[in-house]
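Please read it with the structure open beside it.

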Amino acid sequence: MNDRYKVPGQTGDWFGVDLPDRPPVKRKAALREAAMGNPATSLHLPQKKEPVMARDSPTIVRRDHAYHVVAEDYSYKSEAYYTILAHELAGDDIRPCSRAVLDAFVVPVCLERASHTGIPVVPWGISQGYVPLPAILYGLNYFATTSEYSVVQDTTQAKEVIKHITNLGKYPFCYQKISDRAAIHTCTAIFGWTPGNNDEIVTTAKKIYDLFAIPLVSMVFVQTGNNFALSSLAPTRYTHLSDEERAFLSAYRNHQEFL
Amino acid sequence: MSHLGIFVDRKTLSNADQLNALIHCRDVAEKLGHNAEFLFPVDINKIPKLDALFIRARTDPMNITYVAARMAEFHGIPVLDDANSIQICGDKINMYSHLIQKNIALPKTVFLSKNDISVEKVTDLFDTLGTPLIIKEPSTSFSLRVEKVLDIAGFFRVARRFIKMSDWIVVQQFVESTYDWRIGVLGGKLLYACKYTIPSVTFKIQASVNGHVVYCGVESMHQVAVPPSVISLGINAANAIGNGLYGVDIKNNNGDACVIEVNDNPSLESGEDACYPQIYEQIVDYLFAA
């Protein structure tokens, strides 16, 4: 459970899925985009090396009569999860709630819940072997994390990835059939705010925040034409935040008004 | 005719008794006039078409059973176990917290964050909870990650292993007994009672001893043979979790009954129902009455 970030991710903001002979892609959700029209630029920018928050140590921000738990990792049985649980049991208004973090990081549950509120999502299925191609694959078991996903385009790739994410067929997995022309876009939302993205993503990020109330989350979208559909939500490491994102998070923590 | 789905995972079916119990459950549902079919993980998309769902696979918030339970809830379909029960019972920190909130009798229990583990703290735990101590990794099932430790070095050895899987662990007073009561509760009412006799070579209901897995003995008990205080404690403990199907483990030394744990998705295939042949009828009726 604590090996959430074991597989090194590739860099790059956008990638198509129609590249031939490419090995399976595993990426952590981390996008570096120049912020445009960014409300945080006038705020204090933490130094590059200055940690915006301590790793492994969730921060609680009291705002709008509620407690907000800001953490890199909200996964089940993590320090952040138990911090949330303790506040819930004490009867506090805590955001996100423990149910939301469980739902958000189990891909099929996340997508089903999102689709019920009108957020466009990628069609998904559960399999133990067969997968239509090309597709995005997510593990679905105790050891899986949404930080790791694979895009597969041929059966050889698919077999290799499935063997890995199912622990040799022990567990089922979630697949998302995508079009040959699809592109995958990953970005970070901080309290629902996503710098430098198009209007559709900005609107969706706000809806996702309204639904799950997770202060810091990476969103994986599949773009087909001009449409974006949610593929998954994933934890975000502080070190993957851009300067603008760090500034925004820092400002929120320090109760600066910018919303 | 109503349609019952029995959610199973062939990867967690480990013996013929479990298979027979599933077939018995399906037969009972059909005798009661319902359609019943087994659903496997790849059949998740059939859940919206069901009238009720009975999950009979190893439950955990991180596995496919949680997806099945949530899918049923999204579509307003009655489900055992519900996602809330899976979330609470799947995590002993959460489960004990609920029991403590309702003042359910427990062995002395402490939750320890990995950030708080120190020689001083562990020494203090031995002083206050006694020796030996029981350490539990929160999502353990079948006593898999439950260990008894006798000293500080042993504590650190076990804790180091468990905090790789969870940022918090459970430390508990050891309560010795030769058997556990198992009180089965459905919708806040007694469903069955049995005794799990603990093998003499271990303190757990299931353990690996010298490379061999030893299991507890199971003895179904009529209600009249169970102390009323044990039954009421079992029901109160189940109610502290929710309104579903639970198996409550209770130790009753010298009349001081205390809850060891509350399980969702309790075993029903090892003879627990010998004195209660109507268990599956009651479960199916409960689901369709919901």
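**Notes on the fold and the contact**

1. Of the 290 residues in chain B, 46% are buried, where buried means that 20 or more other C-beta atoms, placed from the backbone, lie within 10 Å of the residue's own. This is a predicted model, in which local features need pLDDT of at least 70 and side-chain atom pairs count only at pLDDT 80 or more, while totals for chains, interfaces and linings use all residues. Residues are numbered from 1 along each chain as its sequence is written, and chains are lettered from A in the order in which they are written.

2. Chain B contains 8 helices and 15 strands, taken as DSSP runs numbered from the N terminus, with at least four residues (H or I) for a helix and at least two (E) for a strand. Its radius of gyration, taken over C-alpha atoms, is 19 Å, close to the 19 Å that the globule rule (2.2 Å times the number of residues to the power 0.38) gives for 290 residues, so chain B is as compact as a globular protein of that length. The C-alpha trace of chain B spans about 65 × 40 × 40 Å along its principal axes.

3. In chain B, 4 strands make an open, parallel sheet in the order E2-E1-E3-E4, pairing being assigned if DSSP finds at least two bridges between two strands. Its edge strands, each pairing on one side only, are E2 (35–39) and E4 (79–80) of chain B. Strand E1 (residues 3–7) of chain B is joined to strand E3 (residues 52–55) of chain B by 4 bridges, and B:Gly5 stands opposite B:Leu53.

4. Helix H2 (residues 64–74) of chain B packs on this sheet, touching E1, E3 and E4 of chain B, and its direction makes about 165° with that of E3(B); the angles run from 0 to 180 degrees between N-to-C directions of lines fitted to C-alpha atoms, for helices over the stretch in contact.

5. Which residues touch the most other members of the largest nonpolar core? Among its 165 residues they are A:Leu137, B:Leu53 and B:Ala68, the core being a set of buried Ala, Val, Leu, Ile, Met, Phe, Trp, Tyr and Cys residues joined through C-beta atoms within 7 Å. H2(B) gives the most to this core, with 7 residues.

6. Beyond its neighbours within four places in sequence, B:Leu53 is in contact (C-beta atoms, placed from the backbone, within 7 Å) with residues including B:Gly5, B:Ala68 and B:Val79.

7. The contact between the chains takes 26 residues from chain A and 29 residues from chain B.

Technical notes: Two residues are in contact if their C-beta atoms, placed from the backbone, lie within 7 Å. A residue is buried if 20 or more other C-beta atoms lie within 10 Å of its own, exposed if 12 or fewer, and partly exposed in between; C-beta atoms are placed from the backbone.
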